[in-house]
Every structure is written in C-alpha cells, then in structure tokens.
4 protein chains.
Amino acid sequence: MANSQYEYVKSYEIPDPLMPNTFAVIRVDGHAFTKFCHAHQFEKPNDIRALDLMNRAAKAVMQEFPDIVLAFGESDEYSFLMRRDASVYGRRRSKINSTVASIFTSNYVFYWNEFFPNTPLRYPPTFDSRVVLYPTAKEVRDYFSWRQVDTHINNLHNTCYWALRHDGESGTEATKLLEGTFSDNKNELLFTRFKVNYNNLPEYFKKGSVLVRTDPRLTKGPSKRDVPLSQCTETSGPTEPSGSAIAEADLSAPSLPGPESPAVAKKKERKKKPLKPFDGRSGPITILHTDIIKEKPFWEERPWLLE
Amino acid sequence: MANSQYEYVKSYEIPDPLMPNTFAVIRVDGHAFTKFCHAHQFEKPNDIRALDLMNRAAKAVMQEFPDIVLAFGESDEYSFLMRRDASVYGRRRSKINSTVASIFTSNYVFYWNEFFPNTPLRYPPTFDSRVVLYPTAKEVRDYFSWRQVDTHINNLHNTCYWALRHDGESGTEATKLLEGTFSDNKNELLFTRFKVNYNNLPEYFKKGSVLVRTDPRLTKGPSKRDVPLSQCTETSGPTEPSGSAIAEADLSAPSLPGPESPAVAKKKERKKKPLKPFDGRSGPITILHTDIIKEKPFWEERPWLLE
Amino acid sequence: MANSQYEYVKSYEIPDPLMPNTFAVIRVDGHAFTKFCHAHQFEKPNDIRALDLMNRAAKAVMQEFPDIVLAFGESDEYSFLMRRDASVYGRRRSKINSTVASIFTSNYVFYWNEFFPNTPLRYPPTFDSRVVLYPTAKEVRDYFSWRQVDTHINNLHNTCYWALRHDGESGTEATKLLEGTFSDNKNELLFTRFKVNYNNLPEYFKKGSVLVRTDPRLTKGPSKRDVPLSQCTETSGPTEPSGSAIAEADLSAPSLPGPESPAVAKKKERKKKPLKPFDGRSGPITILHTDIIKEKPFWEERPWLLE
Amino acid sequence: MANSQYEYVKSYEIPDPLMPNTFAVIRVDGHAFTKFCHAHQFEKPNDIRALDLMNRAAKAVMQEFPDIVLAFGESDEYSFLMRRDASVYGRRRSKINSTVASIFTSNYVFYWNEFFPNTPLRYPPTFDSRVVLYPTAKEVRDYFSWRQVDTHINNLHNTCYWALRHDGESGTEATKLLEGTFSDNKNELLFTRFKVNYNNLPEYFKKGSVLVRTDPRLTKGPSKRDVPLSQCTETSGPTEPSGSAIAEADLSAPSLPGPESPAVAKKKERKKKPLKPFDGRSGPITILHTDIIKEKPFWEERPWLLE
C-alpha cells in the first residue's frame with residue numbers, strides 16, 4: 001500500500017525559519033501557576049525549592065542547546081538567549097520553541113521529587129513558550145534588564161505583601177496597604193514595621209537566577225569561589241541553597257589553574273597556539289544571582305554572550 | 001524604579017495568529033525515541049504500556065482543549081485536530097503549539113510510573129510539535145488517512161523485522177531480508193515462516209489509536225460496549241489493555257439510555273426542546289482502534305469533527 | 001571576480017508562500033486619490049472616464065493572471081479573486097502582490113490618455129495592494145458582498161452630497177445635512193429635493209463593476225446581449241459607457257452559437273467528447289454591473305468561481 | 001443597509017509588520033524585460049535613456065519615502081535601503097512593498113516620453129518587488145556589494161557579447177566564445193579584438209547608479225562638482241547624460257557655501273547651536289556612479305546610511 005495519495009498534505013507545512021543572524025530569546029512561562037503554587041503549598045514570598053527546580057529545568061535546556069548561552073529565571077518564568085549564529089534545527093521556529101517548552105516541562109516533572117521530597121506532585125504542570133527575535137546586542141541587554149527589573153519590582157511587592165499577611169492582615173487589607181506605594185515606601189514599611197532591611201535579603205530573590213557557561217580552560221584547578229550548578233543542585237541537593245554564596249563569588253577573577261606536570265607544560269610550549277576565544281557553547285553551567293542590568297562586570301566579562 | 005525604559009522590547013513580539021476558520025492539526029513527535037525506547041527496554045515491535053501512556057498524555061491534551069475534537073496516535077507521535085472555529089488563546093500559534101507540547105510531555109512523565117510500574121524513568125523524554133493548517137475537510141481526512149496508512153506500513157514492517165530478530169537474525173540480516181519487499185511479501189513471510197496471520201494481530205497495533213468524545217446524552221445508561229478511556233486507563237490501569245476490546249465495540253449504535261425515573265421523564269417532557277447537535281467539545285473521551293480512512297462508519301457517524 | 005562572498009545575503013529572503021488550497025483576494029487601493037481626483041477634476045459623484053480606466057487596468061491584471069477569475073471594482077479600489085488551486089509564482093505572496101499592484105498601476109498610466117483625452121496626467125498615481133486569504137467559498141462570497149454593500153452605501157451618500165453641493169450648499173452644510181441619516185432618509189432627500197429616483201440611476205454606479213470570463217464555446221455566434229469588455233472599452237471607447245446595457249443582459253441564457261459550416265459540424269460529431277467544464281481561466285473578459293450579493297443568478301451561473 | 005454582517009471578512013487580514021529595528025531592502029525587478037527591451041529597441045549593451053529612466057523612477061520612490069536613504073540600480077532592477085528606525089505605514093510589509101512597486105512603475109511609464117521622445121511606449125511594463133530584512137550594517141553593505149559585483153560581471157559579459165554581435169557573430173557563436181571565460185579573458189578579448197580598454201568605459205555602466213541625499217546645509221552655494229539628480233534629469237533632460245561627470249565628482253569635499261549676507265551671518269552667530277547631524281532623510285537627491293564595495297570613501301563619508 002503506497003502512501004503517496006495522502007502525502008500531499010505534508011506540503012501544507014509552511015517553512016518558519018527564524019531570520020538569520022538575529023538573537024532569539026525563548027521565554028518559558030508557567031501556566032496557571034497561582035493555582036499550582038497553592039496546590040503544592042509553595043512558601044511565600046519565595047520558595048527556594050521551587051526556584052531551584054526551575055533552575056534545574058533551565059539547566060537541562062542549556063545542556064540540550066549549546067547555542068543557548070544565557071538564561072535568566074524568576075518566579076515561574078525563564079528566558080533563554082540563543083546565539084545569533086545558531087543553526088540548530090534549521091532555525092525552525094516551531095521546532096525550537098516546542099522543544100524548549102518540552103524539555104523544560106519534562107525536567108520540571110522529572111526532578112520534582114528531588115527538590116520536593118516531601119510534597120508529592122499532585123498534577124502535571126504546564127509551561128508555554130514563545131520566541132522573540134532581536135537584531136542587536138542593545139535590545140538583548142535591554143530584554144534581560146527588563147526581566148531583572150521586573151524581578152526586583154515583584155519581589156519587593158511580594159516581600160511586603162507576605163510580611164503583612166504573615167502578620168495577620170487579610171489579603172484585601174495587604175493589597176490595600178500597598179496600593180499606590182513606591183519602592184521607598186515599601187522599603188520603609190519593611191524596615192519600620194518588620195525590622196527588615198530589604199537590601200540584606202538574599203540576592204537569589206532580589207536578582208533572580210542567571211545561568212551561563214564558564215570557560216573550562218579557566219576552571220581546571222580547584223576553586224572555592226566558582227561553583228558550577230551541577231555541584232550546587234545535583235550533589236548538595238536543593239536543601240542547601242548555595243545561591244547567595246555563588247552570587248558573592250567574584251567571577252571577574254577566574255581561578256588560576258593549579259600546578260602543572262612538566263609534561264603538560266612542555267606540550268603547551270610546543271603548541272604555543274593562541275587560545276581560541278571562548279564562545280560560551282561548552283563548559284560547565286554556573287548559576288549566578290547578580291546584577292545584569294549594568295554593563296560591568298557581568299556583560300563586560302562575557303563578551304561572547306552578545307557576539 | 002520604573003520598568004518603562006526597557007519595556008519597549010515587548011514590541012518585538014510579532015503577532016502570529018492562525019488563519020481564521022481553518023482546521024489546525026498539531027502533531028507531537030518524540031525526540032530521539034529510538035534511544036529512549038532502548039534505554040527503557042520497550043517491548044518490540046509494540047509495547048502496549050508505552051502506547052497506553054501515549055494515549056493517556058493525549059487524553060490530557062484533549063481535556064485542556066475542548067476545541068481539540070479528535071486525536072490520532074501511533075508509535076511516538078500524536079496528531080490533534082482543532083476545530084476550525086477555535087478561538088483559544090486568540091489562535092496564537094506559538095502559544096497553542098508550545099502548550100500542547102508541554103501538556104503532552106508533562107503527562108507522559110507524570111503518568112510514567114502508573115504505566116511502567118517496574119521500570120523507573122531514567123531520564124526525561126522530549127517531544128516537539130508543529131501546527132499545520134488545512135482549509136477544507138478533505139485535507140483533514142487525508143491527513144489522518146496519511147497517518148493511519150503510515151501506522152499500517154510501519155507496523156507490518158516492524159512485525160516482520162522483530163519476528164526475524166527474535167528468531168535469531170541479526171539486525172543487518174533482518175533489514176536485508178525485508179529490503180524491497182511489498183506488503184504481500186511481508187504478509188507471506190509472516191505466515192510461512194512464523195505462522196502469523198497479520199490480519200489477526202490486534203487492531204491497536206494495526207490501526208493506531210483514535211481519541212474522540214462521545215455525546216454524553218447518549219451514554220447515560222450502562223453500556224458494556226462503549227468504554228471511555230478514563231475507565232480503561234485510569235481505573236483498570238495499564239496492566240489490562242482494553243484497546244482491542246474497545247476497538248471491537250460498534251460505536252455506530254450507541255447504547256440506549258437506561259430506565260428513567262418518572263421525575264426525569266416529566267422534566268424532559270416539559271422542555272421538549274430539540275437537542276442541540278453534539279459538537280464534540282464536551283463529553284467523555286473514548287479510545288478507538290478503528291479504520292479512519294474510509295468514510296463509513298467513522299466520519300459519517302461524527303459529522304461534527306469536520307464542521 | 002567571484003560573487004560568492006556576498007551571495008549569502010540572498011539567504012535572508014524568507015519564503016512566503018500563500019497557504020495551499022485557499023482563495024486569495026488581492027485588493028488594490030488608490031493612494032491619496034482625493035487629491036488625485038481633485039487635481040484631475042474628476043466629475044462628481046462619479047466620473048465615468050475614471051471608472052472605465054479602472055476597469056481597463058483591472059482587465060490587464062486578469063489577462064496576466066488566468067487564475068484570477070473574478071474582479072470587482074468601485075471608486076479607486078479593485079479586488080481580485082485568485083482560484084484556490086493557483087500555483088503561479090509558487091504562490092509567493094510578495095511576488096503576486098507586487099506584480100498585481102504594478103500591472104494595475106502601469107495600465108492606469110498607460111491608458112490614461114485614451115480615457116482622458118483632454119486631461120493631461122499631471123503626476124503619476126500610486127496604488128497599494130494586499131493579499132487576504134479565505135479558506136471557504138462562503139467567505140469569498142461575503143467578501144465581495146462586503147465590497148458591493150460598501151459601493152451602495154458610498155454611492156448613495158456621494159449622490160446626496162454632490163446633489164447638495166451642486167445645489168449651492170457648502171461642504172460643511174452638505175455634510176451636516178447628511179449626518180445621521182439612513183438610506184431611506186437619503187432616498188427621500190433625493191426624491192423630494194432633487195426629483196431623483198435613486199433606483200433609476202445607472203447600475204454602473206450603484207453596483208460597481210464585475211469582471212469575469214465567459215465560456216468562449218458559448219459565444220462563438222454573434223450576440224447582442226453579451227458584450228465583452230474589450231469591445232466596450234476599447235472599441236467604442238470610454239465616451240459611450242455601455243455599463244448599464246451590459247448589466248441588463250441576462251447572462252444566464254448565453255447566446256446560441258450561429259450557424260455552422262458542415263465541416264465544423266462533422267468534426268464535432270467525430271469527437272463527441274463531453275465538454276470539459278469551463279474553469280474561468282480563459283475566454284473573453286466581460287464587464288457586468290450586477291448584483292453579486294444574492295446567490296442567483298450571478299454565482300449560481302458561474303460555479304467555477306468558487307470551485 | 002448595514003455592512004456589519006459581512007465586515008467580519010476584514011478580520012482575515014493577518015498583520016505583517018517588519019521586525020522592528022532591522023534594515024529593510026526593497027528590490028524592484030523588471031518583469032519580462034528581455035522582451036520589453038527588444039520591443040523598444042534598447043541599445044546594447046547599455047541604453048543610457050533606459051538607465052536614466054530607471055534612475056528617475058527610483059528618485060520618485062525616495063521622494064515618497066524619506067526613510068529610504070540609499071538606492072542602487074543596474075539594468076532593470078533597483079534596490080532601496082530603508083532606515084532601521086523607519087515607522088512608515090506601521091512597517092506593514094505588504095503596504096510598503098506594493099507601494100514601492102507601484103510608485104516605481106508609475107513613474108517609469110509617466111516619464112517614458114521624456115526619456116524616449118522618439119520611441120512610443122508600446123505596452124505597459126511591469127515590475128515586481130520584495131522586501132528583505134537585515135539585522136546588521138555588515139549585511140547591508142554586503143548586500144549592496146553583491147549587487148555592484150553583479151553589475152560588473154554582467155556589464156563585462158554584455159560588453160563582450162554585444163561587441164561580438166556587432167562584429168558579425170551570431171548569438172550562438174558569441175555565447176560559445178564567452179563560455180567558461182574569466183574576467184581577464186574577457187578584458188583581453190576586448191582589448192585584442194576590439195581595442196577597447198574596459199577600464200575606460202563609463203563608470204555609469206561599470207558601477208551602476210547610486211542615489212543618496214546630500215546634506216542641504218553643505219550645498220547652499222553654487223557648486224560645479226556636485227550635481228543633484230533633479231538637475232541632471234529634469235532640467236537638462238536625458239539627452240545629456242551626466243552620469244560619468246557626476247561619478248568623477250569628489251563628494252568627500254563638499255562645496256563651500258557661497259558668500260553670505262551680513263544678516264544671515266549674524267543670525268547664525270546668535271544660534272551657535274551645534275548642527276544636528278544629518279540623517280539622510282531630507283535634502284537633494286544626488287546620483288553617483290561610484291564604488292560602494294570599499295568602505296572608503298562612500299560609506300565612511302555617509303555614516304547615517306547604516307545608523
């Protein structure tokens with residue numbers, strides 16, 4: 001039996017390549033996560049287990065796509081930056097978009113038990129995703145600034161809101177008290193009523209999470225300051241959030257390599273080739289909770305992100 | 001801190017509505033499933049647990065989207081038909097596409113243990129998806145014929161291939177023996193060498209799986225012949241595959257409703273309104289393993305599918 | 001000198017095929033025609049020379065595209081219906097769209113002097129165009145109904161407005177007098193103040209212009225009732241508008257062929273093949289000023305338009 | 001009569017905005033121009049009247065679109081560069097594309113008699129057009145290099161071909177003689193057989209035509225070296241091709257302004273504001289036949305082109 005008489009229906013698949021040489025940002029968003037958080041009793045304003053799980057799912061996306069060189073997450077959303085020269089899947093929009101959504105979802109469900117050992121997953125969560133194209137580096141930086149500013153605004157608001165709620169205010173009252181307030185009002189409220197200095201809260205919550213690869217040639221030796229995500233989340237597990245610690249790390253001064261054997265040193269001398277510049281497509285994935293709005297040091301140290 | 005200076009990046013999101021009044025078929029495909037099947041020791045040529053799990057994930061997609069009125073699955077792929085008048089998510093292509101991929105994936109991982117109680121999931125699987133638009137009913141029917149013919153071709157081939165393998169042939173030899181053979185050659189091979197009449201193999205494998213909703217007004221009474229999927233897969237579980245049984249069911253003669261209480265009968269009489277025709281958007285989801293290439297009885301009995 | 005190092009820029013041309021098997025309507029619109037009409041002293045409310053010239057340009061578009069089987073024009077706009085099975089230019093949207101705009105424009109300028117022998121063209125006019133896709137025949141009919149209803153509404157309004165202006169009212173006054181009036185108010189105004197029965201105005205103005213091809217096998221003999229456009233506009237010229245006459249013609253009863261020579265009759269007998277049904281892709285182009293909102297007789301007589 | 005029941009068909013118009021902040025190149029191409037050239041007895045290999053007419057049509061496009069800051073033409077094609085920040089027509093692709101095709105066509109036909117006073121236009125010519133987007137300045141420069149290299153290759157080939165034809169060779173023989181030859185072979189052929197030094201041929205033919213605006217603040221005074229197109233083609237007419245002369249002009253040293261009245265000088269002094277940098281959106285349009293492949297001096301002198 002030949003299939004030819006029906007195969008013509010394939011011709012209705014319209015090609016949908018992403019414009020060449022443009023940056024693609026893929027943003028994954030939780031679907032109906034207010035309900036999902038409630039059903040799984042997420043801690044408020046921030047549930048570190050849930051954030052760690054988001055980071056774990058995001059890491060899996062980066063592992064599948066070397067061309068994704070940067071990811072930024074907050075709350076129930078994650079944004080992925082794909083290099084402008086990426087050619088994966090012929091740059092087909094639907095293929096890239098649905099694959100990212102699927103990998104993210106799959107890992108979120110798969111690793112749930114590891115991050116929520118005492119909270120069974122009650123029903124399968126959903127994430128949608130979209131691809132947005134940016135022609136220049138400026139827009140890419142502004143995109144990620146947009147998301148990090150949003151993280152700050154939401155976190156400050158949620159910190160106040162849940163402080164009020166935990167202090168006995170109703171949802172309606174809490175909302176009313178925050179209506180029309182600006183950042184400084186909220187900071188003052190926290191300080192005056194709750195003795196909380198917002199600036200001292202964990203960077204993890206204030207800045208969101210940034211995933212980047214580090215140059216493996218710079219991390220051969222032991223380093224106390226640069227901890228790859230795999231170590232954080234996979235070895236030590238989610239119960240020991242190392243987010244803040246990592247954020248403290250000064251990544252601008254990568255660790256020096258350890259002492260070399262004479263053989264290695266000799267081999268190097270023979271080659272004397274200049275190192276090919278790092279392109280961010282391979283190497284261990286590191287999690288940071290750091291400012292990505294200012295140019296320095298984040299972007300300046302990683303010129304490959306916007307190449 | 002205002003977010004306005006960066007918000008302009010939102011304007012780069014180009015609208016991507018599906019053309020109005022066209023049928024949309026969303027096809028979900030397993031990514032690298034040869035490896036995945038191997039890693040989880042799927043039975044060959046057909047692993048009923050895996051097929052049941054696919055059906056379970058597909059059902060979840062239909063439960064989320066009332067506008068998806070038909071689904072067809074085989075192997076590691078599933079196709080969903082969305083009504084031409086669907087307005088969900090403003091018909092945004094990326095949103096619909098990624099959500100379907102995510103729901104499917106999420107349910108596949110979530111229900112894994114139920115269908116594979118003795119095989120731990122070793123790593124999270126991925127599915128991609130695409131949306132194809134069809135302007136007329138003819139193309140929609142041809143699309144599903146295309147997939148069902150494909151099911152048949154693949155199943156016949158795989159049945160032969162694995163019969164040979166289980167009989168001691170190497171992969172290379174089995175492939176060589178089947179090279180250039182037609183359907184009748186394969187049928188004969190099965191019969192002569194393995195005493196297998198291909199026609200007697202389960203409809204489940206030969207025809208794939210079809211999900212449709214049934215008119216709830218026709219299934220009030222008890223029926224032995226029409227078994228909704230929820231009952232098959234959720235109550236009896238995957239260990240008792242009821243696929244073939246269902247496929248035997250003659251859905252063209254829906255069960256008569258059982259005896260009514262006088263009160264109900266009275267109420268009905270008062271109304272006497274003509275029944276609104278069934279549109280396939282609500283009601284229990286049923287699984288079938290039946291021919292959908294011929295018009296009768298499948299399409300003829302369900303005119304709402306192509307309305 | 002090889003061109004290869006720069007040729008990569010070609011790869012940025014993204015394919016833009018029209019969805020297969022959908023009707024395409026290409027609508028051409030005059031750009032800044034209020035100014036253009038004024039600069040060339042078009043008669044108001046309708047300048048028959050200008051309308052004839054529009055028809056001439058539209059005819060040229062149909063001559064270039066056999067797949068365009070219907071065109072409808074009013075004022076400074078023209079809509080073209082392309083068969084759903086058209087494969088011209090690989091259905092590339094930009095190519096089809098720009099070519100239609102260019103042919104229309106080119107002919108409008110080229111034939112200007114023929115239709116406006118005493119009015120030199122002062123500057124070159126511009127038309128833009130767009131392509132809209134429709135999946136079903138119903139939408140195509142509704143599209144053309146939409147344009148013809150628009151023709152009626154505009155013509156009734158303009159007839160009133162210019163009657164008032166020619167009667168000495170200022171533009172402001174005329175506008176004010178018509179504000180908030182309905183069709184029957186306008187009809188009454190025309191009848192009471194100007195003794196004009198709107199129904200008796202030429203069909204050309206009330207119904208717009210419709211271009212279709214007629215089956216050449218039905219028009220071999222001489223016919224007084226069916227006048228092809230070429231004859232109307234090219235032979236008799238624009239000064240003798242034959243629009244209304246044509247509109248009166250009952251196209252449902254095509255003229256009988258004239259007497260045949262015995263040789264022709266013999267040849268016919270030998271063939272005895274059933275006539276291939278007319279598909280509207282060839283044959284003389286005829287202009288009509290007739291109702292295309294009702295199914296009968298326009299659409300019913302030309303089933304090929306919506307095939 | 002309300003139009004509402006049919007107006008829904010408007011909703012089928014899918015938005016088609018060009019991606020923000022990308023350069024758009026609109027390329028207009030003559031349709032079936034081999035036949036058109038033949039029908040109008042264009043001189044071979046280059047008809048200066050035809051090239052001047054192309055330039056005139058291109059100038060009209062630039063006059064309509066201030067955002068088009070550069071145009072390059074050769075043979076029967078013209079490419080237009082639109083600034084990346086253009087917002088004209090909401091950046092609607094179809095609208096921009098069809099309008100450019102229409103303006104170009106309209107002006108070509110309108111000005112035909114001026115450039116071909118002794119050759120009546122026998123039928124209306126057609127041009128199609130397409131829009132291609134480029135995210136970076138590099139691609140834009142490479143695009144225009146691609147077209148200018150093409151100009152050179154075609155012109156060298158055509159110069160040889162027509163020299164052979166005018167020397168009595170048949171079309172077949174001429175084609176055969178040039179088959180497989182490289183640039184140096186062709187140069188030699190011209191020099192040996194026809195005593196023609198290709199390098200001495202007019203820049204107009206070798207380099208094509210470039211249209212740019214010049215800063216009006218730099219061209220107030222009389223200048224013999226910088227001749228705006230309007231002067232070339234409109235005043236002196238097409239019989240006096242000034243292309244080569246213009247190409248010789250050193251545009252890098254714009255003419256000094258002429259002597260000023262004391263009042264003007266005073267007014268200037270009062271202002272003392274720094275001049276707003278020229279953006280290429282206004283000012284007289286100049287035609288050049290110059291190298292645009294090298295950065296210097298063309299691109300370096302006009303930084304606004306790629307801003």
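How many salt bridges does the rule find across the interface of chain A and chain B? In this predicted model, the count across that interface is six. One of the pairs is Lys95(A) with Asp128(B), whose closest N and O atoms sit 2.6 Å apart. Polar contacts turn up here as well, with 24 residue pairs across the interface of chain A and chain B, both partners at pLDDT 80 or more. On the chain A side, helix H1 (4–7), helix H4 (93–110), strand E4 (127–134) and helix H6 (137–166) each put in at least two residues. Of the elements on that side, H4(A) gives the most, with 13 residues. Sorted by type, the chain A residues that touch chain B come to 25 nonpolar, 15 polar and 14 charged.

As for extent, 54 residues of chain A meet 54 residues of chain B. The size of an interface is often given as the accessible area lost when the parts come together. For chain A and chain B that area is about 4500 Å², with carbon and sulfur atoms giving 59% of it.

Three residues, Tyr12(C), Ile14(C) and Pro20(C), supply 60% of what chain C buries against chain A, more than any other three residues.

Over all chains the salt bridge count comes to 72. Elsewhere, salt bridges that share partners join Glu13(A), Arg27(B), Asp29(B) and Arg130(B) into one network.

Other salt bridges stay within a single chain. Arg147(C) pairs with Glu77(C), the closest N and O atoms being 2.8 Å apart. Since Arg147(C) is in helix H6 of chain C and Glu77(C) in strand E3 (residues 77–82), the pair ties together parts that are 70 residues apart in sequence. Arg147(C) is buried at 6% relative accessible area, and Glu77(C) is buried at 9%. In chain B, Asp142(B) and Lys138(B) meet at 2.6 Å, N to O. These two both belong to helix H6 (residues 137–166) of chain B and are four residues apart, about one turn of the helix. Asp142(B) counts as buried because its relative accessible area is 11%, under the 20% cut-off, whereas Lys138(B) counts as exposed because its 54% is over 50%.

Helix H6 of chain C (residues 137–166) also holds Ser145(C), which is buried at 2% relative accessibility. Leaving aside residues up to four places away in sequence, Ser145(C) touches Ile292(C), Ile293(C) and Tyr6(D).

Finally, an unreviewed UniProt entry annotates residues 6–135 of chain A as "domain: tRNAHis guanylyltransferase catalytic". Over that stretch chain A is 37% helix and 22% strand, and its end C-alpha atoms are 40 Å apart.

Conventions. Residues are numbered from 1 along each chain as its sequence is written. Chains are lettered from A and ligands numbered from 1 in the order in which they are written. This is a predicted model: local features need pLDDT of at least 70, side-chain atom pairs count only at pLDDT 80 or more; totals for chains, interfaces and linings use all residues. Side-chain values use heavy atoms; hydrogens and water are left out. Buried area is the accessible area (1.4 Å probe) that two parts lose on being put together, summed over both. UniProt positions are given in the numbering used here, feature names are shortened, and annotations may be inferred rather than shown by experiment. Buried means under 20% relative accessible area, exposed over 50%, partly exposed in between (1.4 Å probe, protein chains only). Contact means heavy atoms within 4.5 Å. A salt bridge is a side-chain nitrogen of Lys or Arg within 4 Å of a carboxyl oxygen of Asp or Glu. A polar contact is a pair of N or O atoms within 3.5 Å; within protein, one must be able to donate a hydrogen and the other to accept it, and residues adjacent in sequence count only if both atoms are side-chain atoms. Ala, Val, Leu, Ile, Met, Phe, Trp, Tyr, Cys and Pro count as nonpolar, Asp, Glu, Lys and Arg as charged, and the others, Gly among them, as polar.
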